[in-house]
Amino acid sequence: ELYVVSSTDEQNWRFEGRFFEGTDIREPQLVSWNGTLHLYFALLGTDPAAFEPQGSRHTVYSGPGDWSPPEVMFDADFIPWRIKEVGGRLSVTGYTGGGGVYDPDGDPVRVRWLGSDDGLSWSPYIDGVEVLHEGGASESDLVVRDDGSVVAVIRNEGGDTGGFGSKICRGAPDSPGDWTCANDPKKYDSPLVFEEAGRVWLIGRRHLTDDGHYDLGRTDLSPTDQYWLYQLSYWGEPKRCSLWEIDPDALTATWTLDLPSKGDTCFTERVRLGEKLLVYNYSSDPDGPELSWVEGQGDPTGIWRQELDFTP
């Protein structure tokens with residue numbers, strides 16, 4: 001079940017709507033565009049051990065508890081990840097082939113970047129560029145800088161010839177859809193990429209081990225065996241939700257700080273709050289016991305609020 005609530009003071013909350021499709025509901029995105037509030041969400045299957053994309057839905061807010069009937073949006077295999085305004089248009093980064101994310105022998109996953117002027121009709125954000133990346137990468141977010149260049153972070157959980165973890169990418173101002181990517185052995189799950197104070201930032205999940213690497217360098221194993229070893233190792237360790245700074249030239253991420261977080265955590269969204277950013281995140285109790293990620297998934301999680309100040 002997906003619930004929508006609203007508040008004018010972040011203390012008192014009003015019920016705005018409930019959505020239930022009889023199956024898994026994921027990746028909700030609320031977008032205010034030209035005076036209209038849009039809600040997008042993805043559907044998956046009923047098997048907790050599988051990733052079964054079943055298309056996305058779109059609905060429009062009319063008033064308290066009043067939404068248009070959810071309608072099919074995007075291609076049936078497309079998972080929308082981040083929807084926001086970019087360059088005067090709506091932008092969504094997402095991926096197709098998600099059914100292969102947890103099948104190392106499945107079809108490749110394709111990262112796509114779509115644009116829209118009305119939130120209803122979507123086409124490649126860059127004319128002629130259907131796929132930005134193909135391989136084991138899925139969740140992705142990007143920022144377009146003042147000079148027209150693109151900086152992106154994509155989760156590379158499925159792995160490829162460069163390894164497993166993540167990729168940090170850039171596109172030049174004159175060819176923003178032609179990405180150069182560097183492999184990173186860390187896996188920044190649920191990436192949120194943005195620019196503040198002239199610098200590029202990432203909020204993503206941090207693997208709480210000595211080096212934080214998802215890719216353990218076991219190239220002596222087959223890609224399939226690496227995949228399962230890395231997954232099992234990852235599930236059994238604690239996590240944090242962290243802020244990182246991205247170097248757009250070196251294509252590296254440097255840890256800056258942890259948000260209050262433990263266990264199962266890190267799918268953030270941000271809202272402008274004057275000179276600060278207001279960040280909402282889910283987490284196991286930050287003041288509770290240390291939990292592995294899989295332990296946290298079996299326990300309650302809450303919604304946590306954090307203000308970030310990027311004043312130089």
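Begin by selecting Gln29, which is found in strand β3 (residues 25–33); here helices (H or I, at least four residues) and strands (E, at least two) are DSSP runs, numbered from the N terminus. The model is predicted, so local features require pLDDT of at least 70 and side-chain atom pairs count only at pLDDT 80 or more, whereas totals for chains, interfaces and linings use all residues. Residues are numbered from 1 along each chain as its sequence is written, and side-chain values use heavy atoms, with hydrogens and water left out.

**Stop 1**

Gln29 counts as buried because its relative accessibility is 3%; buried means under 20% relative accessible area, exposed over 50%, and partly exposed in between, with a 1.4 Å probe and protein chains only. Display the side chain of Gln29 and look for two polar contacts (pairs of N or O atoms within 3.5 Å; within protein, one must be able to donate a hydrogen and the other to accept it, and residues adjacent in sequence count only if both atoms are side-chain atoms). The side chain reaches the backbone nitrogen of Ile83 at 2.9 Å. A polar atom of the Gln29 side chain also lies 3.5 Å from the backbone oxygen of Trp81.

Next, show the surroundings of Gln29, taking contact to mean heavy atoms within 4.5 Å. Leaving aside residues up to four places away in sequence, Gln29 touches His38, Leu39, Tyr40, Trp81, Arg82, Ile83 and Glu269.

Remain in strand β3 and select Glu27. Its phi is near 50 degrees, a positive value in a residue other than glycine. With 8% relative accessibility, Glu27 counts as buried.

**Stop 2**

Now select β13 (residues 140–144) and β14 (150–160). These strands pair in the antiparallel sense over five bridges, where pairing requires that DSSP find at least two bridges between two strands. Strands of a sheet pair through backbone hydrogen bonds, either parallel or antiparallel. Val143 can be located opposite Val151 in β14. The hairpin of β13 and β14 has five residues between the strands, and within this hairpin Gly148 takes a positive phi near 90 degrees.

Continue to β16, which pairs with β15 in the antiparallel sense over seven bridges. Return to Gly171 and find its bridge partner in β16, Trp179.

**Stop 3: Ser190**

Select Ser190 in the loop between β16 (175–184) and β17 (192–196). Although Ser190 is not a glycine, its phi is positive, at about 55 degrees. Ser190 counts as buried, its relative accessibility being 6%.

**Stop 4: the sheet β17-β18-β19-β20**

Colour the four strands of the open sheet, whose order is β17-β18-β19-β20 and whose pairing is antiparallel. The edge strands are β17 and β20 (252–258), each of which pairs on one side only. From one strand to the next, the twist averages 35 degrees; axes are lines fitted to C-alpha atoms, for helices over the stretch in contact, and angles run from 0 to 180 degrees between N-to-C directions.

Within this sheet, examine β19 and β20, which pair in the antiparallel sense over six bridges. Asp247 stands opposite Thr252 in β20.

**Stop 5: helix α1**

Finally, select helix α1 (residues 223–235). Its 13 residues should span 18 Å at 1.5 Å a residue, and its end C-alpha atoms are 18 Å apart, which agrees; the expected span is 1.5 Å times one less than the number of residues.

Which residues of α1 are buried? They are Gln226, Tyr227, Tyr230, Gln231 and Tyr234. These residues lie on the same side of α1 because they cover an arc of only 125 degrees around the axis, the arc being that of the directions from the helix axis to the C-beta atoms.
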